[in-house]
Amino acid sequence: MNHPRPKARLSRALGIPLTRKCVRYVERRPYPPGVHGRSRRKTSDYQVRLLEKQRLRHQYNVSEAQLRRTFDEAARRTGKTGESLVTLLEQRLDAVVLRAGMARSIYQARQLVGHGHFTVDGRKVDRPSYRLRPGQVVAVRQRSQALPPFQLAAAGAHAEEQPRPYLSVDLSGLRATLLREPARREVPVVCDEQLVVEYYSR
């Protein structure tokens, strides 16, 4: 999913940094971009819910249609719909690649998966939307491991300080295993998912 808007501008519009590089832009100018960015005051209930939906969508770099389909699937599950929605998104192959520290951003993760650099249980998978099941192993293909992005990843350049408890990661071997479905409290996504549910349920 390629967004033509610069990531820094999009981050300011959403109020959250979408990449590590965007952190300083959002901190330096913590208001929406544009001539009237500072003067925007009035917000409606619809606008608040739309913003939360857009935040969730862009943090996973998915299209509106993909997010809507995932929401419909989450609504059919037992339990809280919002938490199920985040759990399903977090099980996407590109999201697991990012959380495992094998990519620096969700954008790079999507690109690397799309270019066919990863296998799931030994079989090549090039669909970023592929949903992993607990117990499945994601690995960088043997022929891709010598490429600079993966050499950086193996050295721990993108590793999180606190590894995700639902993942077992071997960065030196460029492998990760999804141990179980993620719980909402373990997912580092900035979003009030209940507002997203209200947006789609209106």
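This is a predicted model: local features need pLDDT of at least 70, side-chain atom pairs count only at pLDDT 80 or more; totals for chains, interfaces and linings use all residues.

Trainee: How many bridges join strand 4 to strand 5, and do they run parallel or antiparallel?
Mentor: Four bridges, and the strands run antiparallel. Strand 4 covers residues 167–170 and strand 5 covers residues 175–178.

Trainee: What do strand 4 and strand 5 form?
Mentor: A hairpin, with four residues between the strands. In the turn, leucine 174 has a positive phi of about 55°.

Trainee: What touches alanine 153, away from its sequence neighbours?
Mentor: Leucine 174 again, plus Gly101, Met102, His158 and Leu171. That leaves out residues up to four places away in sequence.

Trainee: Where does alanine 153 lie?
Mentor: In helix 8, residues 148–154.

Trainee: Buried or exposed?
Mentor: Alanine 153 has a relative accessible area of 0%, so it is buried.

Trainee: New topic. At what angle do helix 5 and helix 9 pack?
Mentor: About 105°, with their axes 8 Å apart. Therefore helix 5 is roughly perpendicular to helix 9.

Trainee: Which residues meet there?
Mentor: From helix 5, Thr81, Gly82, Glu83, Leu85 and Val86. From helix 9, Glu193, Val196 and Val197. By class, this contact has four nonpolar, two polar and two charged residues.

Trainee: How many residues of helix 9 are buried?
Mentor: Six of its eight, so "mostly covered" describes helix 9.

Trainee: Which ones?
Mentor: Glu193, Leu195, Val196, Val197, Tyr199 and Tyr200.

Trainee: And what do the buried residues of helix 9 pack against?
Mentor: Helix 3 (45–59), helix 4 (64–76) and helix 5.

Trainee: Last topic. How many residues are in the largest nonpolar core?
Mentor: There are 45. Those touching the most other members are Leu56, Tyr60, Leu93, Val97, Met102, Phe118 and Val138.

Trainee: Take leucine 56. What is it in contact with?
Mentor: Leu67, Leu85, Val86, Leu89, Val189, Cys191 and Val196, leaving aside neighbours within four places in sequence.

Technical notes:
Residues are numbered from 1 along each chain as its sequence is written. Side-chain values use heavy atoms; hydrogens and water are left out. A nonpolar core is a set of buried Ala, Val, Leu, Ile, Met, Phe, Trp, Tyr and Cys residues joined through side-chain atoms within 4.5 Å. Buried means under 20% relative accessible area, exposed over 50%, partly exposed in between (1.4 Å probe, protein chains only). Contact means heavy atoms within 4.5 Å. Two strands pair if DSSP finds at least two bridges between them. Helices (H or I, at least four residues) and strands (E, at least two) are DSSP runs, numbered from the N terminus. Axes are lines fitted to C-alpha atoms, for helices over the stretch in contact, and angles run from 0 to 180 degrees between N-to-C directions. Angles under 35 degrees count as roughly parallel, over 145 as roughly antiparallel, 65 to 115 as roughly perpendicular and the rest as oblique. Ala, Val, Leu, Ile, Met, Phe, Trp, Tyr, Cys and Pro count as nonpolar, Asp, Glu, Lys and Arg as charged, and the others, Gly among them, as polar.
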